[in-house]
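Work through the exercises below with the sequence and the model at hand, trying each task before reading its solution.

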Amino acid sequence: MTVINQKFYRETKLKRKIFSILNCKLTDMFERFKDDKITKEFRATMATDPDKAIKDLKGSLGKGSTLNFNSGKSMDYTDAWICQQYMLRYTMAYVFEYYVMYLIALRQLDEPTAKAYSFGCGSGVDCLSLAYAKLKLGYDNEVSYRGIDLTDWAEKFDLQQLSEIDAEYYVDKEEGMLAFLKKDPAYTPNILFFPKLLSELDDETVTSFCKLLKDLKSEELIVCVSYRSPETMSEDFEKACPIITALEEKYEREELNGLDEIYDILNISGSNVGQLSLTVEDNGIFRFIGDSRGTKYSKIDGHFTIPQDIWDYIGVPGISDICANADSIDDCQTCYLNDQCPHSAIANVGNMCFQIIHLKRRHE
């Protein structure tokens, strides 16, 4: 077997392994989620009285609980049911978005190794995205990952299974992201990754984090910020601006490069241009736009497929079959219970929004 074929088969095996890790975890969670008393009671009541079903569900989860994961407030991810509901719905969407972001980030690096630090890493799903981006891009350099979170999630991925990445996961219940320079002082990241985190930060935390950045020794930085949506971006952007401004005291911006290669990998060319577009705007803002009903991730890359039994239960068929208010999934979009009802799993690119900035240390 030639060297090229050996490399091809090795990378193909590793790609399958990444999605095997992902699907095994989702399937394991799904079995516990659907057998939970909370789930069974909710689905049974939804079939006759959606208002009561949601009221009872909120009562089961505790006073003041909400299922609107886009509210900008941190949920209790130590609660297994909430964690399962969140991950079953969002994991495939997030692993795809973070994969696109890491593709772009890795393509920018001039340094011989990639060292990512993820703030508010939650389940660690973005590490799977990083591993897949490394293989898809054919990035032969060493890649490492450090993730930190304030909360010890009830469900998370076993990052030690990713043999192609040196990965560590830190939980600091006192300081969270403010402890990142203490956990591994010798680790000098060149990718700073913020996965849907900024909406949960108060101004005091942002200010304290900015002060820490003066101690960074990195010569090069790729700053990656995932925003909740284009609609909420202006709110979250206010949290990103101080961080970027603090970095620009010692770093200057570089033009992003290699985007045509990324478009080719994502098959954004020819007939797909009108359906799916990745555009760069001022400040390194990217918007990844699907068609009017969303473009399936699996059409862009066949690995990104929600397991069928999960889709039949928590996806479009599962929601429309149990809800007395929904003859179709379209009814969910206009339903007065929309903000509090557990929605279906997300299988399509709708309108993702993220920011990527390349910085080099200024030497005077």
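**Exercise 1: a helix and its surroundings**

Task: find which elements the buried residues of H8 pack against.

Solution: The buried residues of H8 are in contact (heavy atoms within 4.5 Å) with strands E4 (191–195), E5 (220–227), E6 (251–254), E8 (285–289) and E11 (351–361), and also with helix H7 (203–212). Helices (H or I, at least four residues) and strands (E, at least two) are DSSP runs, numbered from the N terminus. This is a predicted model, in which local features need pLDDT of at least 70, side-chain atom pairs count only at pLDDT 80 or more, and totals for chains, interfaces and linings use all residues. Residues are numbered from 1 along each chain as its sequence is written, and side-chain values use heavy atoms, with hydrogens and water left out.

Next, list the residues concerned: Met233, Asp236, Phe237, Lys239, Ala240, Ile243, Ile244, Ala246 and Leu247 of H8 are buried, that is, under 20% relative accessible area, where exposed means over 50% and partly exposed lies in between (1.4 Å probe, protein chains only).

**Exercise 2: a loop residue**

Task: is leucine 150 buried, partly exposed or exposed?

Solution: First locate leucine 150, which lies in the loop between strand E2 (142–149) and strand E3 (166–171). Its relative accessibility is 46%, so leucine 150 counts as partly exposed. Finally, leaving aside residues up to four places away in sequence, leucine 150 touches Val171, Asp172, Lys173, Glu174, Glu175 and Gly176, while its C-alpha atom is separated by 23 Å from that of tyrosine 99, 51 residues apart along the chain.
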